[in-house]
Amino acid sequence: MAVPESVIEIGSTRVRLLVAEFTSNGTQNIIDRSTLPLPLGKDVFTDGVISQETQNQLIQILKRYVEQLSSWGIEPSATNCIALSAFSDAKNSDTIIDRILVQTGLRVHIMDGIEENKLVYLAVTDCIKDNAVHLLDDTVILVVGGSTTEIMMMSDGKMAGVHSLRLGTVRIEQQIRKRTSSYDDIQRYVKESIYNTKGFLENELSLEHVKQFIAVGADVSLAAILVGHPVSTFLWEIDKADFEAFVREVQKYSVDECAARFKLPYSEAETLQVSLLIYMRFLMFTKAEKMLVPETNIRNGFLLSKMSDANDELLKEFATQITASALNLLRKYHGDERHAECVMMICAKLYDVLKNELALDDHARTLLETAAILHDIGSFIRYDDHNLHSSYIIRNSEIFGLSRKDITIVSEIAKYHKGTSVPQDEESFLMLPRKDRMTILKLTVILRIADALDRGHIQKFSDISIRLENNSLVIQTKSTKNTILERIALSEKSGMFESVFGYKVILL
C-alpha cells in the first residue's frame, strides 16, 4: 500500500495538518486532519516579527504533527510544510525556518500570494468537476485569509486577472485597532478599501458582469452550513439576499457572542465579522444571485498539485491559464498581440527542436512562452530601451500560475531579448542560483532568435520548419517575401545563441 501524502500549513491564526490518499482514478480521500490555533499574524502585523513565545508554540505544534504523521509511516523529510504570506512578512522568518528544520526535520516552503491562487484554483476545479458548474461565465473566485485576500477573475473560461490583496482579516484587525477601537470605523475602512480596489480590478474584468461568485474559506463555509443549502457532498450554495442578511446580523454580535453562538475558538471569532464583510462587499459588486461555496482549501490544492505531476491534461490546462493571464496583461498595456503570438509560436518550435540540448522541463517551456508574450510590453512606456521597461512591468505584475521566482526569470528573459549586453555582465544576474542563470540564458537566446524572425511585426514566417543539421540550426520557410530585415536581425542576435548552444543559425 502506498504511503499517503501529507501537508502542514502555517497560516495567520492556525497551523493545519491534512493527510490524504489518492485512488487509482485520482480521487482524494481525506484520512486525517488537525487544526491548532497560533497567533502568528497578530505578532507579525503588530511588531513585524514572530515573538519567541509564538515560535515556541509553533515548534511544539509541529513536533506534535510529526508524531501524528509517524503513525501513517510519513517521515518529516516526506512531509510538505508550507507557510502562507503572514509568515513571509516576518523579519525573522529565515531564522525560524532554520530552527524548524533543526528541531523537527521539516523543511518549510514559503508560498507567495500567486502560488496560493494557483492551488486554490486547482482545489476549486477539482471540487466542482462532478457538478453542473462550469467556469465559462464571467467568474470571481475569492479567498479571504488572515494576511491577504486572494482573487481570481475569469472571462469565457480564461484567466482575466489574479491578485493578492493586502486585505487580510488579522492584518486589518491589528493595524486598524492601533488607531481606533470602534467597530464602525473598521467596517468603514473595509468598505472603502474594497471600493478603491474595485477600480483597478475592473481594468481586467468588470465586476458588474460577473454572474458566478465562488467563495472559499472556513468562515464562508460556516455561513453556507447555517443559511445555505448543499449542491453536493462538498459544494454549497447561498442565495445572495440570505448571505447579506446573515452578514449584517453577525455584525451586531460581540466577539464573545460570535464564539458562543457559532462554537468557534476565540481567535477565529475575532476575525469572523471582518471576513464575512469582505466576502459580502465583493459579492455586492457583482450580478451573481447566488454564491457557491466549495468545501476545499489550499491544502487540498497542494496535494492535488503533487498528484498532477503525472497528469498531462491538468498540466496543459495550467499552461493555458498562464498564457491567458499573460495575454490579458499584454492587453492592459496595449501590446502587439499578433507579434507576441507569432514569437510564442516560434519559441515553442525552437524549444521542441532543442529539447535534448536544453535539459529543462515543461515548466521552463511555459516560462519561455510567457516571456515571448510579454517581451515587448515595455513599449507602452517608451520604445527606446523597452526591454528594460518590459522587465520592470513583468517583475511588478502578477501572473496566474507563476511564483515570484518564475516571474523573476521571465522578467530577466525579457530584459535581454534585445541589445548587445549579456546577462553575465550584470551583478544582479550573477547573484542568482546557477540553475536559474542557466535557465535564463538558454531561454533568452531562443527568444532572441524567435523575435528576429518577426522583426517587422508582420508575421512573414507563419509556416516554418526547424531542424538541427551539421552543427547548425536550420530554419526553413516557404515565404516568398523579402527577408533581408529578418536576416539582418538574425545576424545581430544569433551570436549569443551560438555561444550558448554551439550551433550556427542558418535561415533558408
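What is the relative accessible area of E249, and how is this residue classed on that basis?

Author: E249 has a relative accessible area of 35% and is therefore partly exposed, a class that lies between buried (under 20%) and exposed (over 50%), with a 1.4 Å probe and protein chains only. The model is predicted, so local features need pLDDT of at least 70 and side-chain atom pairs pLDDT 80 or more, while totals for chains, interfaces and linings use all residues. Residues are numbered from 1 along each chain as its sequence is written, and side-chain values use heavy atoms, without hydrogens and water.

E249 forms a salt bridge with K252, and their closest N and O atoms are 3.6 Å apart; the term requires a side-chain nitrogen of Lys or Arg within 4 Å of a carboxyl oxygen of Asp or Glu. K252 is exposed, at a relative accessible area of 64%.

The structure holds 18 salt bridges. One of them pairs K42 with E270, at 3.0 Å between the closest N and O atoms. Because K42 belongs to helix 1 (residues 40-47) and E270 to helix 11, this pair ties together parts 228 residues apart in sequence; helices are DSSP runs of H or I with at least four residues, numbered from the N terminus. K42 is partly exposed, at 31%.

R365 forms a salt bridge with D352, with the closest N and O atoms 2.9 Å apart. R365 lies in helix 16 (residues 362-374) and D352 in helix 14, so parts 13 residues apart in sequence are tied together. R365 counts as partly exposed at 23% relative accessibility, and D352 counts as partly exposed at 42%.

Methods:
Helix = DSSP H or I, 4+ residues; strand = E, 2+ residues; numbered from the N terminus.
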